[in-house]
Amino acid sequence: MSSPRLKPMGLMQVLAPLIAALLAVVLALLAAWAMSQGAAAQGGKETTQDLASYAGADRMETLVAGAKKEGSVSLYSSAAPDDLAALTAAFEKKHGVKVRVWRGSSENIVQRAVVEARGGRYDADVIETGAIAMESMYRERLFQRIKTPALSELLSAAILPHGEWVGTRLNIFVAAYNTRLVKKDELPNSYDDLLDRRWKDKLAVEAEDSDWFGGVVSALGEDKGLRLFREIVAVNGMSVRKGHTLLANLVVSGEVPFALTAYAYKAEQLRKSGAPIDWLVIPPGVGRFEGAAVSRRAPHPHAAILFFDFMLTDGQDILRDRDFFPARANARPLPQGADLHLLDPAKALDENAKWSKAFRELVANAR
């Protein structure tokens, strides 16, 4: 007698429990993996938050040990290469942690950081650039507020209400002049003096300094200020150059006899080197903070906070010695007798489009 043959349906009935059991095992393994990944991600986030607010007696030891394990810190900055080199070399020597620098303009840093974050890519540990750019990135929620004892030593104006980025140094806009081409007794006492015909084809500004322009015009009174700059450009012209370091060097070479928007520290560095350059503050003077912040999703959180702390402590002495005006309260006095207006970062960002348009129309693109 032949053995009965299983019908196809009968075969499936035999295998179905085995398939179901196998599928259950696979699903359980996938669920466990997903939970472990989520826990790891959550744990990383909590670690970053804990580090940001950790105030234990071993805070510095914890940061140093963690930074050494991480091995490096990634910095996005718009500082001049020689100034950056001085800061990063000192940090590397002290802590043995490599600083990897990406340098660009403030505008390029904002663009890169925002695009990366929106794409889920987090390369920057620390970002250091101008106030308006920093405020813009804060509004994109790119920064993590850091609680550090170093804050107590800073100027109150360097600490923003939200606390997510902190001023590290003041950039003061000054008028820089070539001492071989401009005599001291010819120097202007006010912006009205620049209407004098002696300044014909001698004046220059940096191409992106609309924040300086807005600060000066606002302090003079908007109607008066706009009218005055329109007249200065019409009577004597205005050369426009891209980059503050370039502008200062053009003053030294004599190509630009008188620059309205040099940075004080760069003009002073060049003056001390023996170059034919000096500077003055034409009232109303304008200054703005450059700031630093730790990225909310810093890939090297220990090293990021360690470098942030360094910028507010040892870095302040380095900046002072390089003729900056650091944010630490007792680091260096501001120019004596200067009528100085500090730009409010939030207000400057809110009014950026307005002043950029006016600056382009009246100064930068004037013919």
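Analyst: This is a predicted model. The largest pocket has a volume of about 900 Å³. Its lining takes in 39 residues, and Ser 105, Ser 106, Glu 107, Glu 208 and Arg 288 lie nearest the centre. Elements that give two or more residues to this lining include helix H4 (106-118), strand E5 (166-178), strand E10 (285-295) and helix H13 (352-364). H13 gives the most, with 5 residues.

User: How do the residues lining the largest pocket divide by class?

Analyst: The lining of the largest pocket has 13 nonpolar, 14 polar and 12 charged residues.

User: What makes you say that E10 is enclosed?

Analyst: Buried means under 20% relative accessible area. In E10, 11 of the 11 residues are buried, so the strand is largely enclosed by the rest of the structure.

User: What makes E5 and E10 a strand pair, and in which sense do they run?

Analyst: A pair needs at least two bridges. E5 and E10 are joined by 7 bridges, so they pair, and they run antiparallel. Within this pairing, Ile 172 has Gly 287 in E10 as its bridge partner.

User: Why does strand E4 (residues 143-144) count as a partner of E10?

Analyst: The cut-off is at least two bridges. E4 and E10 have 2 bridges, so they count as a pair, in the antiparallel sense. Gln 144 stands opposite Val 294 in E10.

User: In which sense do strand E3 (residues 126-130) and strand E12 (residues 340-342) pair with E10?

Analyst: E3 pairs with E10 in the antiparallel sense over 5 bridges. Ile 127 stands opposite Ala 293 there. E12 pairs with E10 in the parallel sense, over 3 bridges. In that pairing, Val 286 stands opposite His 341.

User: Why is a space called a cavity rather than a pocket, and how many cavities of 30 Å³ or more does the structure hold?

Analyst: A cavity is a space where a 1.4 Å probe fits but cannot get out, whereas a pocket is open. The structure holds 2 cavities of 30 Å³ or more. About 50 Å³ of space lies in the largest cavity. Among its lining residues are Phe 173, Tyr 191, Trp 212, Leu 260 and Val 286. E5 and E10 each give two or more residues to that lining. The largest share, 3 residues, comes from E5.

User: What makes a set of residues a nonpolar core, and which residues have the most contacts inside the largest one?

Analyst: The members are buried nonpolar residues joined through side-chain atoms within 4.5 Å. The largest nonpolar core has 91 residues, and Trp 212, Phe 213, Phe 258 and Phe 307 have the most contacts inside it. Helix H10 (residues 301-312) gives the most to this core, with 9 residues. Another core lies apart from it, with 16 residues, among them Ile 109, Val 110, Ala 131 and Leu 142.

User: Which residues does Phe 258 touch?

Analyst: Not counting residues up to four places away in sequence, the contacts of Phe 258 include Ala 175, Tyr 177, Leu 187, Trp 199, Lys 202, Leu 280 and Ile 282.

User: How do you know whether Asp 201 and Asp 323 are buried or exposed?

Analyst: Exposed means over 50% relative accessible area, and buried means under 20%. Asp 201 is at 63%, so it is exposed. Asp 323 is at 7%, so it is buried. Asp 201 has a positive phi of about 60° although it is not a glycine. Asp 323 also has a positive phi, of about 75°, and is not a glycine. Asp 201 sits in the loop between E5 and strand E6 (203-206). Asp 323 is found in the loop between helix H11 (314-321) and strand E11 (325-326).

User: What is the omega of the peptide bond that joins Pro 283 and Pro 284?

Analyst: Omega is about 0°, and the bond is cis. Pro 284 lies in the loop between strand E9 (277-280) and E10.

Conventions: Residues numbered from 1 in each chain as written. Predicted model: local features only at pLDDT ≥ 70, side-chain atom pairs only at ≥ 80, totals over all residues. Heavy atoms only, no water. 1 Å grid on protein atoms, 1.4 Å probe; cavity = no way out; pocket = protein on both sides within 12 Å on 5 of 7 lines; lining within 4 Å. Points joined across faces, edges and corners; volume = space filled by probe spheres on them. Helix = DSSP H or I, 4+ residues; strand = E, 2+ residues; numbered from the N terminus. Nonpolar A, V, L, I, M, F, W, Y, C, P; charged D, E, K, R; others polar. Buried < 20%, exposed > 50% of the residue type's maximum accessible area, 1.4 Å probe, protein only. Contact = heavy atoms within 4.5 Å.
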